[in-house]
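Good morning, and thank you for coming. I shall present one structure and take its features in turn.

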Amino acid sequence: MKTRPAAGRWIEGWNPEDEEYWERTGKRIARRNLLLSVLSEHIGFSVWSMWSVLVLFMSPEIGLGFTPGEKFLLVVVPTLVGAVLRLPYSWAVTRFGGRNWTVFASAVLLVPALLAFVFVQRPGTPLWVFLIIGATAGVGGANFASSMTNITTFFPQNRQGWALGVNAGGGNLGVAVVQLLGLLVIATAGDTHPSYVAAVYLPLIVLSALLAALKMDNVDAVRARPGALREAAASRHTWFISFLYIGTFGSFIGYGFAFGLVLQNEFGSTPLEAASYTFVGPLLGSVSRPLGGKLADRWGGARVTLWAFLALALGTAGLLLASRAGSFGAFVAAFTLVFVLSGLGNGSTYKLIPAAAAAEAEVTITSGGEARQAFARARRISGAAIGIAGAVGALGGVAINLAFRASYQGPQGSGTTAFACFLGYYALCVLLTWAVYLRPGRRVAQGPAPAREPRPARVR
């Protein structure tokens, strides 16, 4: 079997569950593709979240004097488009192949980056133009779904928590890096040159697309049979996990986009002051995501997710107290903690997807089904469920920014109402995780079960 096929060709017979095959051939190929997938997704996240930085520059001094409500709208639009595109992106990688789609998904990032570079230099550009440009940046957020769907096929089930955590965590770092870049630009060139931020990514996008074309692989295991998305949507666990992912990833990306604006509105921070803190939370949240996946591999996704939501609720309560006390230091510390916890929860929640699919495969096998087919189906379902959960979860970022927009436009002009809503959602996630996955004697059912079918193994 060829381990390095010609560009565009597919590796046939991919089977990482075979330990001998994995050690001899699969591990090296999987890690190479993981590395390049992280690079592509990282740049995609940076382009997607670029508007969380560009809005900090927008002021009457450069002829872009938008209101706080309009600025929150500018970060809502790319979040929304990125969420909507995640489902077709997830499907596309199963149709065109991981390498082929990564090349396209990387190259298309030139559109939002180039448009942002040009128009932020034009004073008086109306809001609707920036809303359209922001919408094109949504393709960067959609990269996540295709990347995760692709990478899950490269690794055996018992290593997927780590692999998905590294892939997503490396991508999530793009949020922190673009904000750190914004801080660097403001600190060195001042807060009147937003185009410098976009300019940095133009050559990086070209490099990422070229490396994907030259070094990545297509594997036959990523191909989904017709109806895989339908099968995943029919499982109640796809929607349970999507609900939880709204609370973890929705928190990470929503807070990542909004943090700078929140500091400006809550404490009157200058662009330099806001940019000095906005990158810390996303950075630590991204680093903690692989740890969440690793802990989930060891202790089970449900247990780690439960504790993550309990801690998120406590962290949000801390934000409420800090906001009411007007304590900038306590507010930033609590927000940073929330980022870390959302990263841990991101990793552990995604681990639930292949675990739930594997539990269903075990039921099929114990009922007399063929093991290879059962686990192949589990992989297809996992890939499709990842696309659904990724799309739904990203909508949480939209909800968070809309909640902040409404809260800061209210009579109090503070984030108290928004934080109270987030606290209530985390409480619901705690109850759902316990009731469905951890309640004593609870067994997980994978969608509609035929009469007298043996109960599936418990999903950890």
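**A helix, its partners and the surface**

Helices here are DSSP runs of H or I of at least four residues, numbered from the N terminus. The model is predicted, so to speak of local features requires pLDDT of at least 70 and side-chain atom pairs count only at pLDDT 80 or more, while totals for chains, interfaces and linings use all residues. Residues are numbered from 1 along each chain as its sequence is written, and side-chain values use heavy atoms, leaving out hydrogens and water.

Helix α11 spans residues 236–267 and has a kink of about 50° centred on Ala258; the bend at a residue is the angle between axes fitted to the seven residues ending there and the seven starting there. Of its 32 residues, 25 are buried, so α11 is largely enclosed by the rest of the structure. Buried means under 20% relative accessible area, exposed over 50%, and partly exposed in between, with a 1.4 Å probe and protein chains only.

I turn to aromatic pairs. The whole structure holds 39 of them; ring centres of Phe, Tyr or Trp (its six-membered ring) must lie within 6.5 Å, with planes under 30 degrees apart counted as stacked, over 60 as edge-to-face and the rest as tilted. Phe45 and Phe249 are edge-to-face because their planes stand at 85°, with centres 6.1 Å apart. This pair links helix α1 to helix α11, across 204 residues. Both Phe45 and Phe249 are buried.

How values were computed. Helices (H or I, at least four residues) and strands (E, at least two) are DSSP runs, numbered from the N terminus.
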